[in-house]
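I opened a new notebook page for this protein. My notes on confidence, sheets and cores follow the display.

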Amino acid sequence: MLWIKSSTPQYTTMPYFALTSIPRYAATACAVLWISACTTTGNNQAPSNISKPPTPVVSNQAPASQEQTLYTIDSAQTQLHLLIYKAGTLARLGHNHVISSRTVRGSVWLGDTVSNSGFDIQVPVNELIVDDDATRLAEGDDFPLNLQQAAKDGTKVNMLREDLLDGEHFPLITLQAARIEGTWKAATVQAYMRIKNHTRTISVPVQLQRQGSTLTIQGEFQIKQTDFGITPLSVAMGALQVQNTVTIKFQLVAKRS
């Protein structure tokens, strides 16, 4: 499960599309408020302090050496959730979102040590799912069920717009291993994360479990939107906004190739 969550969420059940007590321009902005947590702005250049990501190892390639075992991500069993929380004194006028995916793909390879292991993972942007009842139910009381389908459809259209995730030109969010340290029971992954046209390094503590031919990896980490060149959307002089700090959690399931 991969999901995004603010440290101090505020709760409500009214969707952004139902804002009626603030000016029209604010309501329009609120309809896409959540997506500022996972899009980027700026030029096409990677930051100068980030080295070039390693050459990806995709699922149809053999491991780099006989000492590495290749696993392919099982999209059907892998769960990915993005939890988006609103904030501000008018937060009651919006609702939280769960964006999920059942099409995560890529590969993981394990060597004789964690430092000789790695991964290359892709998340198809255009196949992200908005506010599915099953995923909202799994996330608890912060996410009431039965949102209007029109609100879900409008959220996805806004999410894929050119000035946001731009699904037409940037169809993938990618993560590639840069360095892995520690032990099998307590490893820390340094990875390259690319959203739209920005690449950043992230540090992720992970737990790994192998059972037969199945590999399960889970963990969580925090990011700040501003570290990705994102300015969290704020309207009505900050009365309704997206919080800057988010937490990402994930569970990946992969099968031995």
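These entries record what I looked up.

**Ground rules.** I am reading a predicted model, where local features need pLDDT of at least 70, side-chain atom pairs count only at pLDDT 80 or more, and totals for chains, interfaces and linings use all residues. Residues are numbered from 1 along each chain as its sequence is written, and side-chain values use heavy atoms, with hydrogens and water left out.

**Confidence.** I checked pLDDT, the predictor's confidence in each residue, from 0 to 100. The protein averages 76, and 72% of the residues score at least 70. Over residues 1-62 pLDDT stays under 50. Where pLDDT is low, the predicted coordinates should not be read in detail.

**Sheets.** I took strands as DSSP runs (E, at least two residues), numbered from the N terminus. Two strands pair if DSSP finds at least two bridges between them. I found 5 bridges joining E3 to E5 (residues 97-101). Isoleucine 84 stands opposite histidine 97 in E5.

Another open sheet runs E4-E14-E13, with antiparallel pairing. E4 (86-87) and E13 (234-235) each have a single partner strand, so one side of each lacks a neighbour in the sheet. E4 is joined to E14 (residues 240-242) by 2 bridges. Alanine 87 faces glutamine 241 in E14.

**Cores.** I looked for nonpolar cores: sets of buried Ala, Val, Leu, Ile, Met, Phe, Trp, Tyr and Cys residues joined through side-chain atoms within 4.5 Å. Buried means under 20% relative accessible area (1.4 Å probe, protein chains only). The largest core has 39 residues, and Val108, Phe119 and Ile202 have the most contacts (heavy atoms within 4.5 Å) inside it. Apart from that core lies another of 5 residues, including Leu90 and Val235.

Notes. Helices (H or I, at least four residues) and strands (E, at least two) are DSSP runs, numbered from the N terminus. Buried means under 20% relative accessible area, exposed over 50%, partly exposed in between (1.4 Å probe, protein chains only).
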